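The text moves from single residues to the ligand and then to the fold as a whole.

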Amino acid sequence: MQPSTAERIARLSAHISPSNLQMGESSMLERANCRAKGGAPGFKVAILGAAGGIGQPLAMLMKMNPLVSVLHLYDVVNSPGVTADISHMDTGAVVRGFLGQKELEAALTGMDLVVIPAGVPRKPGMTRDDLFNINAGIVRTLCEGIAKCCPNALVNLISNPVNSTVPIAAEVFKKAGIYDPKKLLGVTMLDVVRANTFVAEVLGLDPREVDVPVVGGHAGVTILPLLSQVKPPCSFTPEETEFLTKRIQDGGTEVVQAKAGAGSATLSMAYAAVKFADLCLRGLRGDAGIVACAYVDSKVTELPFFASKVRLGRGGAEEVYQLGPLNEYERVGLEKAKQELATSIQKGVSFIKK
Ligand SMILES: NC(=O)c1ccc[n+]([C@@H]2O[C@H](COP(=O)([O-])OP(=O)(O)OC[C@H]3O[C@@H](n4cnc5c(N)ncnc54)[C@H](O)[C@@H]3O)[C@@H](O)[C@H]2O)c1
Ligand SMILES: O=C(O)C[C@H](O)C(=O)O
């Protein structure tokens, strides 16, 4: 059936940000979104920090995902340009841009999944924890918006230090009375992506055939690859184990140093974020057997948050898997990881509770 004139006008204005709309146009915009939903069934996804180094390629890859019907791109700078650019891609998702704090609520309302790569990246010589002072406040504000406007959305948190920003988000959600531990996921997929790549190099395999569980957290020694559990089953010499573990733990720093002041991993991170978001959306859709590593509310150790394999379903991280048998090298690594994680978690919790 041909669309009505009103619908056609609404489609023409679908890229306009809500603050620029004239009276009457906003209902047309709603209709455009309904059309988008009706025409291309799928999920509504917001990216917060969409104009950044990760945000831009992430937005592009999300626009290519057939599970996404509506894509909201929010940033405090440059989101109109990124939105105009991405919106010309001839894929199904309707893209809308949102600029600045006053448009945060509109960006978040009705979202099924919110992906957060907002915040400053490292420069050489910095640890992820050095980003805490700036990024903690950014994550708090964004999560307050989520609590208000889309409390049931799944949240994929990328902003560093992930080991602390996830506890911050949890405290914000608890304060707002909407905390659902299954819906808050710290993104550690880049560690898995790197581990698969580096292990495949050593084994002479295609990385797509390799699956390395990476548990713990997302910084230095808290990144704990379980090389004894690699699929396909294989064994490593002590030297290979040491080399691979260090390379996986230092993967972020390797990129920060190579970029020499121009930021940290963005393209591989966007790839990893979309890989993870796609698994989350498949879970939301009800696909069976969706498993990925993520940093979540956990009872796997005595710590309140820990990264391990989780099963993703309609409710988010519906099951958090135990670590399985560890070898001696991994048991020692686990103790080191837990020590550092405990401090980072406490730092995040105190930031909100202070
Ligand atoms: N979890 C991981 O594996 C992983 C991997 C790589 C990077 N990161 C982290 O992701 C974050 C972003 O990295 P990047 O390279 O894209 O940085 P970037 O500086 O290129 O982009 C960050 C974007 O966030 C935006 N922003 C800042 N404050 C904001 C706010 N209050 N609301 C919305 N947007 C805001 C900025 O305007 C910018 O566009 C960093 O903290 C980095 O450490 C995490
Ligand atoms: O290393 C960083 O600072 C960015 C990110 O956490 C990464 O692992 O690449």
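Thr 245 counts as buried because its relative accessibility is 5%, where buried means under 20% relative accessible area, exposed over 50% and partly exposed in between (1.4 Å probe, protein chains only). The model is predicted: local features need pLDDT of at least 70, side-chain atom pairs count only at pLDDT 80 or more, and totals for chains, interfaces and linings use all residues. Residues are numbered from 1 along each chain as its sequence is written, chains are lettered from A and ligands numbered from 1 in the order in which they are written, and side-chain values use heavy atoms, with hydrogens and water left out.

Thr 245 belongs to helix α9, residues 238-249; helices (H or I, at least four residues) and strands (E, at least two) are DSSP runs numbered from the N terminus. Beyond its neighbours within four places in sequence, Thr 245 has contacts with Pro 225, Leu 227 and Tyr 329, a contact being heavy atoms within 4.5 Å.

Ser 79 is part of helix α4, residues 79-87. Ser 79 is buried, since its relative accessible area is 1%. Apart from residues up to four places away in sequence, Ser 79 touches Ala 51, Leu 73, Tyr 74, Phe 98 and Leu 99. Between Ser 79 and Arg 96 there are 9.3 Å in space, C-alpha to C-alpha, and a separation of 17 residues in sequence.

**Backbone features**

Most residues other than glycine have a negative phi, and most peptide bonds are trans. Asn 78 is exposed because its relative accessible area is 54%.

Which peptide bond has an omega of about -5°? The bond joining Asn 160 and Pro 161 has this value and is cis; Pro 161 is in the loop between β5 (154-157) and α7 (162-176). The bond from Lys 231 to Pro 232 is likewise cis, with omega near 0°, and Pro 232 is in the loop between β8 (223-225) and α9.

**Cysteines**

A disulfide is a covalent bond between the sulfur atoms of two cysteines. The structure holds zero disulfides, counted as pairs of cysteine sulfur atoms within 2.5 Å. Cys 149 is in no disulfide, and the nearest cysteine sulfur, that of Cys 150, is 6.5 Å away. Cys 149 is buried, with a relative accessible area of 16%. Cys 293 is buried, at a relative accessible area of 5%.

**Ligand 2**

The residues around ligand 2 are Arg 122, Arg 128, Asn 160, Leu 190, Arg 194, His 218, Gly 252, Ser 264 and Ala 265, each having a heavy atom within 4 Å of the ligand. Asn 160, listed here, is also part of the cis bond to Pro 161.

**Helix α3 and the whole fold**

Helix α3, residues 55-63, has Gly 55, Pro 57, Leu 58, Ala 59, Met 62 and Lys 63 as its buried residues. These buried residues of α3 pack against β1 (43-48), β2, α4, β3 (94-99), β4 (113-116) and α11.

The protein has twelve helices and eleven strands. Of its 354 residues, 53% are buried. Among contacts between residues at least 6 apart in sequence, 69% join residues at least 24 apart. The accessible surface comes to about 15600 Å², and carbon and sulfur atoms account for 56% of this surface.

Notes: Accessible areas come from the Shrake-Rupley method with a 1.4 Å probe; for residues, only the protein chains shown count as cover.
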